[in-house]
Amino acid sequence: MKRLMGGTGLEHASTSLDTFPKYLLLNARRFADRPAMRHKDYGIWQSWTWAQQRDEIRAFAIGLQEMGLRHGDKVAIVGANRPRLYWTFAAAQSVGAVPVPVYSDAVAEEMSYVLDHAGVKFAVVQDQEQVDKVLSFRDRMPTLEHIIYDEPRGLRDYAHDGLSDFGDVQARGEAAMRDDAGRAARWEEAIGKASGSDVTVMLYTSGTTGRSKGVMITAAGAVDAAVGTASFDQLSEKDSVLAYLPLAWVGDHYLNYAQGYVSGLCMNCPESQQTVAQDLREIGPTFYFAPPRVFEGLLTSVTIRMEDGGWFKKWMFRKFIDVARRHGEAILEKRPVPLTGRLAYGLGEFILYGPLKNVLGMSNIRVAYTAGEAIGTDLFSFFRSLGINLKQLYGQTEAFLYVTAQKDGNVRADTVGPAAPDVDIRIADNGEVQFRSPGMFSGYYKEEDKTTETLTDDGYVKTGDAGFFEADGQLRIIDRAKDVGKLRDGALFAPKYIENMLKFFPNIKEAVAFGDGRDFAAAFLNIDLTAVGDWAERNNIAYASYQELAGHPLVYEMIAKNVDETNRRLSHEPMMAGGQIRRFLILHKELDADDGELTRTQKVRRSFIAERYGELIEALYDGSPEKFVSTEVTYEDGRKGRISATVTIVDAKTYSPAAAPVQEAAE
Amino acid sequence: MNAHVATKPLTSLDDGIAKGDMLLKVDNVSLSFGGVKAITDISLDIRKGEIRAIIGPNGAGKTSMLNVINGFYTPQQGVITFRGKQRRAMKPHHAVLQGIARTFQNVALFKGMTTLENIMAGRSVHMKRNMLWQMLWHGPALREEIEHREKVEEIIDFLEIEHIRRTPVGKLPYGLQKRVELGRALAMEPSLLLLDEPMAGMNLEEKEDMSRFIIDVNQQRGTTIALIEHDMGVVMDLSDRVVVLDYGKKIADGAPEEVKNDQAVIDAYLGVAH
């Protein structure tokens with residue numbers, strides 16, 4: 001577990017540093033007076049140095065010991081990003097107990113599943129809301145002995161056994177240290193002796209596919225992974241982050257806690273969830289993570305606010321955003337830029353980019369990451385062109401986050417980067433991405449069979465995602481592996497990849513691609529009624545319903561152009577060229593969650609649709625030019641009715657992989 | 001909530017009255033506007049530490065009663081005893097100095113000012129430095145300002161309105177404005193808080209939030225609360241005792257359960273020919 005780092009403040013790392021509490025003690029010495037934690041409370045940023053943070057954690061840990069916490073016990077942590085909850089992680093780890101963070105918005109039933117499955121003995125929670133939830137199922141949970149809360153508000157009159165105030169537990173710890181002069185030293189000693197093979201944290205997966213599983217991460221591996229990426233991005237005690245992501249999510253635990261402890265950076269807890277934007281502006285973090293939708297929301301709000309500006313401001317905004325678009329990314333990546341471009345960009349920085357970054361709280365950002373879903377090229381470039389070093393990473397709970405990460409200066413919107421430090425990645429025969437990493441999990445808690453299912457015989461973790469490596473060594477994730485199939489000629493067929501590309505066109509609202517085990521790829525489409533309706537109005541096309549507009553020949557003509565463009569793009573990608581769409585149809589009704597065709601989160605339920613519209617799929621492949629269908633629909637008030645229509649099926653132009661258009665009549 | 005903040009917890013004014021004893025007593029009060037009798041010979045009491053509800057159909061005289069209590073109206077007859085002192089006529093600002101604060105049926109905030117400034121305004125009753133000092137904003141005046149700001153921040157934290165600290169209240173949705181108004185009343189650290197329809201026009205969720213805050217104010221700060229409310233569910237859940245008015249007369253007084261089953265109350269609400 002050793003790696004000597006150069007020039008990042010990590011060079012103190014030595015063989016013995018294989019748990020986070022060991023880093024806590026080290027930081028309390030080497031960064032004694034540097035801020036470790038800040039929290040905005042009563043309108044003011046309160047801060048704790050590393051030495052103070054150690055004292056807080058020590059008092060709490062010894063208090064917990066007094067209450068009966070022992071090596072191997074599980075401690076649930078439920079709540080928002082609060083210093084005391086972060087200290088609970090280190091306090092539990094310092095006595096060999098295992099912290100188990102739980103999503104604070106989980107309903108009582110979900111929470112009871114996790115607490116019960118993990119067999120927690122202590123629950124450290126934020127406030128009355130969480131206390132009430134835990135109390136509601138406490139009777140059924142014999143292992144749970146103590147509930148400790150951070151905020152006493154509303155809890156004064158609760159007469160329950162084993163319910164304690166966080167401060168009181170700390171006071172108990174302090175009293176124990178007063179009574180026994182050697183107590184504090186023994187606590188430190190025990191930390192020094194702790195083994196790196198202990199489980200450092202158990203992170204429950206969000207459970208989108210079935211029950212959530214407890215991912216066990218071992219200490220030494222976790223430290224090793226964190227040291228690796230912290231040095232990759234040159235994090236040091238001079239960095240700061242805003243800790244605003246859910247505690248139970250691997251990203252928060254890794255980026256803020258794990259990287260924070262090994263590098264000594266300062267973690268800042270926002271005042272509340274609603275004040276994150278304001279707090280971001282006040283702190284001006286140097287390291288930042290947000291999922292793509294956050295960046296999308298920021299861009300939208302900037303655009304809307306610019307729309308309200310006067311003509312001069314709008315003109316200037318457009319002018320300089322244009323300059324940024326042309327030169328911004330090149331300057332960020334230190335590529336050559338003509339002098340005039342540099343001067344214009346410099347002026348733009350002064351007039352627009354600087355103030356804008358300041359408003360967004362992004363003035364000091366050195367490294368920013370996004371991950372979780374595909375990010376649009378334009379969106380990604382917008383932030384990069386302002387001079388924000390936004391990169392992508394790909395990770396998993398089972399990896400303790402990082403699998404890949406993009407290097408500074410080598411960043412693209414459509415890939416997730418090469419393997420992160422010390423990570424081995426391979427692509428299995430079925431296209432699935434598999435990896436081995438320093439921080440990878442040691443197993444699912446109490447679920448041996450699922451662990452075996454997830455690991456390959458030679459110890460790689462199956463991600464369940466399909467992807468491939470680009471020529472430059474960057475990984476590209478295309479779809480969930482179980483959805484990826486093959487055409488009859490063996491060509492790769494990744495439906496979500498094709499669907500995303502189609503949905504990129506404003507006219508296309510939904511797309512469902514078929515092709516696994518077939519001769520070619522084909523698709524059902526839904527037009528976007530707002531966009532196409534707007535177009536119809538401008539072109540004097542009268543229509544009475546979605547169905548009528550969807551079947552209009554001119555609409556088909558327009559959509560065919562979109563499909564054509566999609567095929568042209570697919571043909572440029574050697575792996576995807578085979579998946580070009582040869583035939584498509586526009587469905588006579590909108591896919592709807594009420595009819596079971598979409599999930600409540602608006603994701604296509606492919607197998608259900610394939611069953612429901614089986615005859616239309618056959619028509620796609622048997623070459624018929626149209627097909628009569630009648631479909632049952634559910635109205636909003638629950639009544640049922642039928643929609644019937646004759647759906648037109650058309651052939652699309654396809655391209656040979658060489659990219660020269662080759663007219664090819666399907667069938 | 002951490003060791004670095006050394007503010008003293010906000011409480012009600014220490015008025016030397018034990019919990020459960022009489023805080024305010026209204027004896028045989030009558031109030032009329034010309035020929036219109038708004039209140040006829042009403043007696044009621046409010047005990048320290050309780051939540052006291054005043055209910056009744058429209059025009060029953062509930063708001064008039066609150067206005068009598070906080071000195072906005074002077075009754076033609078009757079005696080009001082507050083904290084052991086009898087009084088007949090007084091001005092609202094005297095009521096404030098004595099520890100009575102209120103919120104209004106229609107939000108009455110300074111719309112152009114921020115949440116922080118509005119609540120800070122509620123502290124003015126406790127500011128000791130005169131205007132000249134405050135304009136100099138130095139030395140004692142600055143210390144005083146910081147002290148009051150701490151109290152205000154505590155209220156902001158208590159009511160969970162951190163995110164709108166710097167937002168002009170005119171821009172806020174109605175439910176939040178009501179909360180800010182409650183904050184301003186709390187800033188006076190009253191021993192009696194009068195709430196005139198704190199939940200009017202709110203949706204279910206906002207009502208639940210507001211109920212929570214009212215209970216917290218009562219339990220954590222020990223503030224005595226008298227409230228007018230139309231939502232019977234809320235009234236029955238929140239209050240310790242309920243007084244029912246109809247056409248300016250008291251028709252029932254007691255615990256929520258008793259009042260709910262009282263025939264006169266049922267008649268008043270369902271409408272029986274008078």
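## Strand pairing in chain B

Two strands are said to pair if DSSP finds at least two bridges between them. In this model, which is predicted, strand β1 (residues 22–33) of chain B and strand β2 (residues 36–47) of chain B meet that condition with 8 bridges, and the sense of their pairing is antiparallel. One point along this pairing is given by M22(B), which stands opposite R47(B) in β2(B). The hairpin that β1(B) and β2(B) form has 2 residues between the strands, and in this hairpin G34(B) takes a positive phi near 60 degrees.

Strand β1(B) also pairs with strand β4 (residues 77–82) of chain B, again in the antiparallel sense, over 5 bridges. Along this second pairing, K25(B) stands opposite T81(B), while S30(B) has Q77(B) as its bridge partner in β4(B).

How many of the 8 residues of helix α1 (residues 62–69) of chain B are buried? The number is 7, so the helix is largely enclosed by the rest of the structure. The buried residues are K62(B), S64(B), M65(B), L66(B), N67(B), V68(B) and I69(B). After α1(B) comes G71(B), whose phi is positive, near 85 degrees.

The domain assignment divides chain A into domain 1 (20–287), domain 2 (290–388) and domain 3 (484–651). Between the C-alpha centres of domain 2 and domain 3 of chain A the distance is 35 Å.

Chain A contains an open sheet of 5 strands with mixed pairing, in the order β23-β24-β25-β27-β26. Strands β23 (508–514) and β26 (626–634) of chain A stand at the edges with a single partner strand each, so one side of each is left without a neighbour in the sheet. From one strand to the next the twist averages 30 degrees. Helix α16 (residues 495–503) of chain A packs on this sheet and touches β23, β24 and β25 of chain A, its direction making about 155 degrees with that of β23(A). Another helix, α21 (residues 614–622) of chain A, lies across β23, β24, β25, β26 and β27 (640–651) of chain A and runs at about 160 degrees to β26(A). Within the sheet, strand β24 (residues 521–527) of chain A runs parallel to strand β25 (residues 581–586) of chain A, and 5 bridges join them; L525(A) has I586(A) as its bridge partner in β25(A).

## Nonpolar cores

In soluble globular proteins, nonpolar side chains tend to be buried together. Here the largest nonpolar core has 182 residues, and the members that touch the most other members are A123(A), A523(A) and L525(A). When neighbours within four places in sequence are left aside, A123(A) is in contact with A76(A), V78(A), L115(A), V134(A), L144(A) and I147(A). Another core, of 65 residues, lies apart from it and includes V26(B), M199(B), A252(B) and A268(B).

## Two residues with positive phi

Most residues other than glycine have a negative phi, and most peptide bonds are trans. F400(A) has a positive phi, near 55 degrees, and lies in the loop between β14 (390–396) and β15 (401–405) of chain A. N28(B), also with a positive phi, has a value near 45 degrees and is found in strand β1 of chain B.

Which of these residues is buried, and which is exposed? F400(A) has 28 other C-beta atoms within 10 Å and is therefore buried, since a residue counts as buried if 20 or more lie within that distance. N28(B) has 12 C-beta neighbours inside 10 Å and so counts as exposed, the cut-off for exposed residues being 12 or fewer.

How values were computed. Residues are numbered from 1 along each chain as its sequence is written. Chains are lettered from A and ligands numbered from 1 in the order in which they are written. This is a predicted model: local features need pLDDT of at least 70, side-chain atom pairs count only at pLDDT 80 or more; totals for chains, interfaces and linings use all residues. Helices (H or I, at least four residues) and strands (E, at least two) are DSSP runs, numbered from the N terminus. Axes are lines fitted to C-alpha atoms, for helices over the stretch in contact, and angles run from 0 to 180 degrees between N-to-C directions. Two residues are in contact if their C-beta atoms, placed from the backbone, lie within 7 Å. A nonpolar core is a set of buried Ala, Val, Leu, Ile, Met, Phe, Trp, Tyr and Cys residues joined through C-beta atoms within 7 Å. Domain bounds come from an automatic or database domain assignment.
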